[in-house]
Amino acid sequence: MTETDFGEPTPETCLQVARRAAELAAAADDVALSAACRSTSRTEAHREEVMHAVHREAVEAERLAAQAEQWAADPSMPGSAPRYCASGAVDHAVRAQEAAGVETTAAALRTELERRLTPEERAGRESEQRRAEAEREAEERAETGMDADNRHLARMNAYLAESIVPALGWTAGHVRVLEAAETGRLYQREGQVRQAAAHGVWSGGRKVSRERTQDLRAAGYLAAVDAADGVSVLVPAPSGQVALELARLHPAGLYESDKAAYEARYARVAKRHKRMDDKKAAASRLWTAARCAGTSGR
């Protein structure tokens, strides 16, 4: 629950008022129902109309009381939400009592919602809010290992990843290539791409997809650094490191196969090209690092 105006009643007071209003409306509903059951043929139509009117008000009062409890427990709701519900519940309770012909005791509940806090109460609420905020911050830090600013940044990055990763046109295989490059042991020699077993040992090692490596280089996600004996060490370009982190944040945006990735790229570029060869060529290219950087800056 966000901070409330200290002139407002406490959430606890609002919940108590809303629940009491619902109870008074329900009692009026019982009175109207009992009167309808005792009606004669002359009064039957009127008392039935009254019964339905009172019941509608009682249902609304109960709904608002329940909503007040839900909103009070929801941190995303404004602090004034329980008071709004409580005030509405009181209004419905008053109308229910008036329609049922009983004393409108629910009207007295309005004073609880209108009472201003004393300076001592205001200071107490300020202290309680600071304590609650400190507890929430400590809990979230313990859970995430991040302070508020970094948690906000993580949420923004996750949101960004949801829009960018599907557009990359990557599979998990492209991620594995960049992860190999991240180790500093990905190299290309005589047309073969491998991940060396150790730094500086530019022979042997695990084979890595040459096609995916070439695609990532052409798109600007990999950079080549010349080493001895015609070896090119492949490392993530800055945009490649960013794209890799986004892919880790949103793996659901990766495609299951190269075929599925190609079809997705084809569907995206088909309208921009008239010739079939141009469409196929465009679909064969990964989303470039420059376009990725442009999108992430918007």
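This is a predicted model: local features need pLDDT of at least 70, side-chain atom pairs count only at pLDDT 80 or more; totals for chains, interfaces and linings use all residues.
Residues are numbered from 1 along each chain as its sequence is written, and side-chain values use heavy atoms, leaving out hydrogens and water. Local features need pLDDT of at least 70 and side-chain atom pairs count only at pLDDT 80 or more, while totals for chains, interfaces and linings use all residues.

Reader: Which strand holds Val 193?

Author: Good place to start! Strands are DSSP runs of E with at least two residues, numbered from the N terminus. Residues 192–195 form one of these, and Val 193 lies in it: strand β2.

Reader: Is Val 193 buried or exposed?

Author: Buried means under 20% relative accessible area, exposed over 50%, and partly exposed in between, with a 1.4 Å probe and protein chains only. The relative accessible area of Val 193 is 2%. Val 193 therefore counts as buried.

Reader: At what angle do helix α7 and helix α8 pack?

Author: Helices are DSSP runs of H or I with at least four residues. Here α7 covers residues 172–182 and α8 covers residues 210–218, with their axes 10 Å apart. Axes are lines fitted to C-alpha atoms, for helices over the stretch in contact (heavy atoms within 4.5 Å), and angles run from 0 to 180 degrees between N-to-C directions. The angle is about 75 degrees.

Reader: What does that make α7 and α8 to each other, roughly parallel or roughly perpendicular?

Author: Angles under 35 degrees count as roughly parallel, over 145 as roughly antiparallel, 65 to 115 as roughly perpendicular and the rest as oblique. With an angle of about 75 degrees, α7 and α8 are therefore roughly perpendicular.
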